[in-house]
Amino acid sequence: HLPRRLRRRRRGGGGFPPSALEAGEAAREMFEERLATYVAWIAHCQLGALLDFKKGLDTQIRLMPAEEVAFQAAFSRRELRTAIQSAFGGAPAKPAAAMRRRMAKHLCKEEDLLGVAWARLTEYLCGEYEALAELASAVYRDEEIDPSPRRLRDALAAAALL
């Protein structure tokens, strides 16, 4: 006599319950989805204004020519500098360390969740910041983003060692 959950189902699709492989794949997909949500939340807690500016800039570029976006009041060079300054305060090391500390409070060290989540956060932030740099170079022709994407990547790598 098999337990109810292992018996052949007669109604519906029939057959046996999902195999361990399918259950493992489903668990992995759920983990990836939850990790992506968590990483986005951590990034937006610390750098929300900058990421929102990037999203708005991307939307404006889709709606009008890139040369005209800089003339919008909400997307002027000054607003770009303000968003970067509010996010980093001149040095990307401080927000990177703050994000690392916040993640260390939430995640278990025994299962290396912190390392996995930090790697994903680094990948996410570097991708978003590089996309912002590309958008800014398209809209503001001679504007240099400071800190550079390379400097942000180095700050995140240094914070990983904390």
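1. Proline 147 is found in the loop between H5 and helix H6 (149-160). A cis peptide bond, with omega of about 10°, links aspartate 146 to this proline 147. Most peptide bonds are trans. Helices here are DSSP runs of H or I with at least four residues, strands are runs of E with at least two, and both are numbered from the N terminus.

2. On the basis of the model: this is a predicted structure, in which local features need pLDDT of at least 70 and side-chain atom pairs count only at pLDDT 80 or more, while totals for chains, interfaces and linings use all residues. Residues are numbered from 1 along each chain as its sequence is written, and side-chain values use heavy atoms, with hydrogens and water left out.

3. On the overall fold, the protein chain has six helices and zero strands, in the order α-α-α-α-α-α from the N terminus on. Of its 162 residues, 31% count as buried (under 20% relative accessible area; exposed is over 50% and partly exposed in between, with a 1.4 Å probe and protein chains only). Among contacts (heavy atoms within 4.5 Å) with a separation of 6 or more, 68% come from residues 24 or more positions apart. The chain exposes about 10,700 Å², of which carbon and sulfur atoms supply 53%; accessible areas come from the Shrake-Rupley method with a 1.4 Å probe, and for residues only the protein chains shown count as cover.

4. The structure holds one cavity of 30 Å³ or more, and the largest cavity has a volume of about 60 Å³. A cavity is a set of points, on a 1 Å grid over the protein atoms alone, where a 1.4 Å probe fits but cannot get out; lining residues have an atom within 4 Å of a point. Grid points are joined across faces, edges and corners, and the volume is the space filled by probe spheres set on the points.

5. The lining of the largest cavity consists of Leu47, Leu50, Leu51, Lys54, Phe88, Leu125, Glu128, Tyr129, Leu132 and Leu152. Helix H1 (20-63) and helix H5 (113-139) each contribute at least two of the lining residues. By class, eight are nonpolar, none polar and two charged (Ala, Val, Leu, Ile, Met, Phe, Trp, Tyr, Cys and Pro count as nonpolar, Asp, Glu, Lys and Arg as charged, and the others, Gly among them, as polar).

6. Leucine 125, one of the lining residues, lies in helix H5 and is buried at 2% relative accessibility. Beyond its neighbours within four places in sequence, leucine 125 contacts Ala43, Leu47, Met99, Leu152 and Leu156. Leucine 125 and proline 149 are 24 residues apart in sequence, with a C-alpha to C-alpha distance of 9.5 Å.

7. There are three aromatic pairs (rings of Phe, Tyr and Trp, the last by its six-membered ring, with centres within 6.5 Å; planes under 30 degrees apart are stacked, over 60 edge-to-face and the rest tilted). The rings of tyrosine 38 and tryptophan 41 have centres 6.0 Å apart and planes at 35°, so this pair is tilted. Both residues lie in helix H1, three residues apart, about one turn of the helix. Tyrosine 38 is buried at 17% relative accessibility, whereas tryptophan 41 is partly exposed at 42%.

8. The rings of phenylalanine 88 and tyrosine 129 have centres 5.6 Å apart and planes at 90°, so the pair is edge-to-face. Phenylalanine 88 belongs to helix H3 (residues 77-88) and tyrosine 129 to helix H5, so the pair ties together parts 41 residues apart in sequence. Both phenylalanine 88 and tyrosine 129 are buried.

Key: On a 1 Å grid over the protein atoms alone, a cavity is a set of points where a 1.4 Å probe fits but cannot get out, and a pocket is an open set with protein on both sides within 12 Å along at least five of seven lines; lining residues have an atom within 4 Å of a point.
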